[in-house]
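User: I am new to this structure and would like a close look at a single part of it. Please keep it brisk.

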Amino acid sequence: MPPAALIARSLLRSAARPGPAPRGIRSGPAESPVSTAETVVGLVAVFASFFVPAAWVLGHIQDYRKRE
């Protein structure tokens, strides 16, 4: 293999595998406890983000059928 190909191969190999990415995940207990109100607000936001669009589509399904 020509020397230029070996050099390019070694440079590309290091760029292709930079190593593990740093993660923001920590194990262990939370630094500050989460209150019940914060938990409820978070769960309501998650459920609303799924159910509101589905309710919109189901509420307007007759309009969607008339378009065809």
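User: Is Phe51 buried or exposed, and at what relative accessibility? Please go on to its surroundings.

Analyst: Phe51 counts as exposed, because its relative accessibility is 54% and the cut-off for exposed is over 50%. Bear in mind that this is a predicted model.

Start with the element. Phe51 lies in helix 2, which covers residues 36–59. Phe47 lies in helix 2 as well. Four residues separate Phe47 and Phe51, about one turn of the helix.

Now the rings. The count of aromatic pairs comes to one. Phe47 and Phe51 form that pair, and it is stacked. The ring centres are 6.1 Å apart. The planes make an angle of 10°, and stacked calls for under 30 degrees.

Phe47 has a relative accessible area of 46%. It is therefore partly exposed, as the class between 20% and 50% is defined.

Next, Phe50. This residue is also placed in helix 2. Its relative accessible area is 59%, so Phe50 is exposed.

Last, the helix itself. Helix 2 has 24 residues. At 1.5 Å a residue, it should span 34 Å. Its end C-alpha atoms are 32 Å apart, which agrees. Helix 2 also bends, by about 30°, at Ala48.

Methods:
Residues numbered from 1 in each chain as written. Predicted model: local features only at pLDDT ≥ 70, side-chain atom pairs only at ≥ 80, totals over all residues. Heavy atoms only, no water. Phe/Tyr/Trp six-rings, centres within 6.5 Å; stacked < 30°, edge-to-face > 60°. Helix = DSSP H or I, 4+ residues; strand = E, 2+ residues; numbered from the N terminus. Buried < 20%, exposed > 50% of the residue type's maximum accessible area, 1.4 Å probe, protein only. Expected span 1.5 Å × (residues − 1). Bend = angle between axes of the 7 residues up to and from the residue.
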